[in-house]
Amino acid sequence: MNVTLRAPEKTDFSVLAALRNDAAVQRQLMIEPRQYSPAQVRAWIRRRTGDAKGAFWVIDRGGPCGFVQLTQVDRERGTADLGICLVRAVRGKGVAAEAMGLLEAHAKKKLRCKTLTLRVLSVNHRAIALYGKLKFRILETKRRHHFDGAHWRDVVFMEKALR
Ligand SMILES: CC(C)(COP(=O)(O)OP(=O)(O)OC[C@H]1O[C@@H](n2cnc3c(N)ncnc32)[C@H](O)[C@@H]1OP(=O)(O)O)[C@@H](O)C(=O)NCCC(=O)NCCS
């Protein structure tokens, strides 16, 4: 099935709200672990889509199945920070790699990005394996850099030069 990136629509709300409120996803994305009301989820989507230094897309594969985002787009330096999240049902099917390919192409062609950066918990082996496969390299690991509400976690900083 074809993977595309597109702007969020009203009908994506339940999928995005479920991801935003998934405790494991909250840990992995290093966002505050708590329940987000529908109004707070809508405010998050508005913030992300309205960010002049960012971009936010729904990953579509016969329906919404996750999102990718760029933040801190710096047009002078040609850098941006990326994030990705998929619903559980489509993990392990190559969707993440396809979505990342589309995101990289957009960042390079439309936003003139030369380098993409990201942060990932050192315990998120699956995401680190994905990024490694896509030729991101580890810049450094900051020890006990993020408090997830229960534990201080090591955070891996990675980057990829877009060619
Ligand atoms: C991170 C995420 C986008 C990856 O997508 P995915 O579809 O699960 O990725 P893949 O299945 O293609 O996995 C990537 C690689 O990790 C490997 N992998 C899977 N589980 C693993 C594990 N527990 N430990 C190590 N490697 C693992 C896979 O085998 C695969 O490698 P391969 O293609 O060579 O076999 C997805 O898991 C997700 O949305 N997770 C929740 C949010 C998240 O963590 N986002 C990233 C935050 S920085």
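These legends accompany close-up views of one predicted model.

Local features need pLDDT of at least 70 and side-chain atom pairs count only at pLDDT 80 or more, while totals for chains, interfaces and linings use all residues. Residues are numbered from 1 along each chain as its sequence is written.

**View 1. The shell around the ligand.** Around the ligand stand 21 residues; a residue is near a molecule if its C-beta atom, placed from the backbone, lies within 6 Å of it. Gln28, Arg91, Ala96, His125 and Ala129 come nearest. Two or more residues each come from helix H2 (23–28), strand E4 (79–86), helix H4 (95–109), strand E5 (115–121) and helix H5 (125–133). Helices (H or I, at least four residues) and strands (E, at least two) are DSSP runs, numbered from the N terminus. H5 gives the most, with six residues.

View 2. The shell residues divide into 13 nonpolar, five polar and three charged. Ala, Val, Leu, Ile, Met, Phe, Trp, Tyr, Cys and Pro count as nonpolar, Asp, Glu, Lys and Arg as charged, and the others, Gly among them, as polar.

**View 3. Strand E2 and its partners.** Strand E2 (residues 55–60) is largely enclosed by the rest of the structure, because five of its six residues are buried (20 or more other C-beta atoms within 10 Å of the residue's own, all placed from the backbone). Strand E1 (residues 4–6) runs antiparallel to E2, joined by three bridges. Arg6 has Val58 as its bridge partner. Strands pair if DSSP finds at least two bridges between them.

**View 4. The hairpin of E2 and E3.** E2 pairs with strand E3 (residues 64–74) in the antiparallel sense, over six bridges. Phe56 has Gln69 as its bridge partner in E3. Three residues lie between the strands, and Gly62 takes a positive phi near 70 degrees.

Methods. Buried ≥ 20, exposed ≤ 12 C-beta atoms within 10 Å, placed from the backbone.
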